[in-house]
Amino acid sequence: MTIAHFKSQFYQGTERIHFNNGGLAPISLPARERIHYWADRFYNEGFFTDLDYVENVKTSRRSLSQLIGCHDFEIAFFQSTASAVSQLAMQFPLEPEDEVITWAEEYGSHLYPWQEACKRKQANLILVNSLENLSTPINLIIEKITDKTKVIALSWVQFLTGARTDIEALGKITSERGIFFFVDIIQGLGLHPFDMKKWKVDAVAGGSHKWLFSPVGVGYLAIDQKHISKIKPHNVGSYTFGTCDDPTSLECIPKLDALKFEAGSKQVLEITALGASVDLILKTGVLNIEQETLRLASILRLGLERNHYQVHSPFKVDHHHSAMVNFIPKAHSIEALKSINCNYAIRGPGVRLSPAAFTTDESIQKVLNVLK
Ligand SMILES: Cc1ncc(COP(=O)(O)O)c(C=O)c1O
């Protein structure tokens with residue numbers, strides 16, 4: 001499927017410019033259609049949909065597993081990234097004095113669960129500062145590894161400026177040293193190619209509402225099968241166990257796969273819409289999406305620099321950048337963006353713009369023109 005077709009599957013209006021896709025991206029047309037489809041069926045059929053919606057949740061899980069590079073039975077759905085990270089962090093077998101390493105500029109939904117887990121277990125959270133330009137080279141992390149390091153937990157792409165950590169290179173080191181490697185992939189999955197098994201990542205988590213172009217409200221945890229039995233479910237309910245339809249039975253057998261982490265009923269509309277968007281991404285090809293997004297982001301970046309804006313996002317440092325362009329605004333920059341109904345985020349050192357593959361060249365030019 002071509003990029004032109006991909007673009008046609010998104011909002012075509014001219015009254016808004018969606019440049020906060022690193023915050024909340026618009027959903028794709030297939031995602032919207034899937035929600036309408038299930039809303040109609042639930043209205044008309046209620047419980048008669050039972051087998052069909054369960055099957056559609058399965059196909060969404062399968063599609064997501066292709067994008068992540070893991071098995072479908074290694075994925076559990078949650079309501080947010082925070083709950084997916086909490087499942088792992090709170091139940092991870094940390095001992096007093098163990099060390100967990102992460103970047104100092106991490107997003108709260110990733111940072112706070114590890115911070116809280118360390119506090120509860122008297123383990124130590126080691127915060128590593130990024131460089132002055134906020135890039136995140138792995139040698140800074142490697143320098144902090146000691147024989148007490150149990151977990152390296154970091155975001156693939158940092159939310160402030162789009163600095164991207166070389167996960168494949170770090171995965172080689174963590175796997176050699178027997179360190180559990182966890183990555184929050186929400187700011188990169190769907191935008192850059194990812195391969196959990198090949199890159200030797202033990203677990204990942206993320207959410208639906210950014211580069212997967214699907215409704216807010218789904219988090220996921222993918223955990224390598226060799227670790228599943230070691231992590232207890234954080235939330236427990238009727239879905240924790242096998243086919244436990246009889247609430248009086250005490251013979252329920254715990255599930256052996258990641259589905260044991262899903263305690264109860266799921267967000268069917270959101271999860272099936274997620275699957276529809278992921279299928280669109282798979283059909284278009286992540287490499288095509290990455291190429292187009294980085295092309296647009298670099299036009300934006302170069303245009304801003306030409307207009308003497310200071311841009312903070314790392315760029316072309318071994319390609320460890322992403323689609324975000326974080327720049328220091330001038331006196332009227334915010335008003336200028338508002339005047340064309342362009343959304344943005346105030347993040348870290350400046351204003352963060354994050355175009356996506358559906359963005360048009362015209363909208364990039366429109367933004368550059370008002371920021372002149
Ligand atoms: C790195 C990172 N993790 C997680 C999230 C989202 O977390 P949650 O799904 O808990 O709202 C964001 C986005 O806001 C993010 O940038």
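Two strands pair if DSSP finds at least two bridges between them. Helices (H or I, at least four residues) and strands (E, at least two) are DSSP runs, numbered from the N terminus. With those terms in hand, let us tour the structure. What you see is a predicted model, in which local features need pLDDT of at least 70, side-chain atom pairs count only at pLDDT 80 or more, and totals for chains, interfaces and linings use all residues. Residues are numbered from 1 along each chain as its sequence is written.

**Strand pairs**

Here are the pairs, side by side.

| Strands | Sense | Bridges | Residues opposite each other |
|---|---|---|---|
| β8 (residues 325–327) and β10 (residues 350–353) | antiparallel | 3 bridges | Asn 326 and Arg 352 |
| β9 (residues 345–347) and β10 | antiparallel | 3 bridges | Arg 347 and Gly 350 |
| β5 (residues 180–184) and β6 (residues 203–207) | parallel | 3 bridges | Val 183 and Val 204 |
| β6 and β7 (residues 219–223) | antiparallel | 5 bridges | Ala 205 and Leu 221 |

β9 and β10 also form a hairpin, with 2 residues between them. In its turn, Gly 348 has a positive phi of about 50°.

Now look at β6. A residue is buried if 20 or more other C-beta atoms lie within 10 Å of its own, exposed if 12 or fewer, and partly exposed in between, with C-beta atoms placed from the backbone. In β6, 5 of the 5 residues are buried, so this strand is largely enclosed by the rest of the structure. In a regular strand the side chains alternate between the two faces of the sheet. Accordingly, Ala 203, Ala 205 and Gly 207 point one way from β6, and Val 204 and Gly 206 point the other way.

The domain assignment (bounds come from an automatic or database assignment) gives domain 1 (16–23 + 286–370) and domain 2 (34–283). Their centres, taken over C-alpha atoms, are 28 Å apart. Two residues are in contact if their C-beta atoms, placed from the backbone, lie within 7 Å. Domain 1 brings 19 residues to the contact and domain 2 brings 20 residues. On the domain 1 side, helix α10 (residues 286–306) supplies the largest share, 5 residues.

Helix α10 has 21 residues and reaches 30 Å from its first C-alpha to its last. That is close to the expected 30 Å, a span defined as 1.5 Å times one less than the number of residues. Among its buried residues are Ile 289, Leu 296 and Leu 300. The buried residues of α10 pack against α1 (3–8), α9 (268–284), β8, β10 and α12 (361–370). After α10 comes His 308, whose phi is positive, near 65°.

**Around the ligand**

Which residues come nearest to the ligand? Of the 13 residues around the ligand, they are Thr 81, Ala 82, Tyr 107, Ser 109 and Phe 159. The elements giving two or more residues to this shell are α4 (81–91) and α5 (108–121). A residue belongs here if its C-beta atom, placed from the backbone, lies within 6 Å of the molecule.

**One more residue**

Finally, find Arg 32 in helix α2 (residues 29–45). Arg 32 is partly exposed, with 19 other C-beta atoms within 10 Å. Arg 32 and Pro 215 are 183 residues apart along the chain, and 8.7 Å separate their C-alpha atoms.
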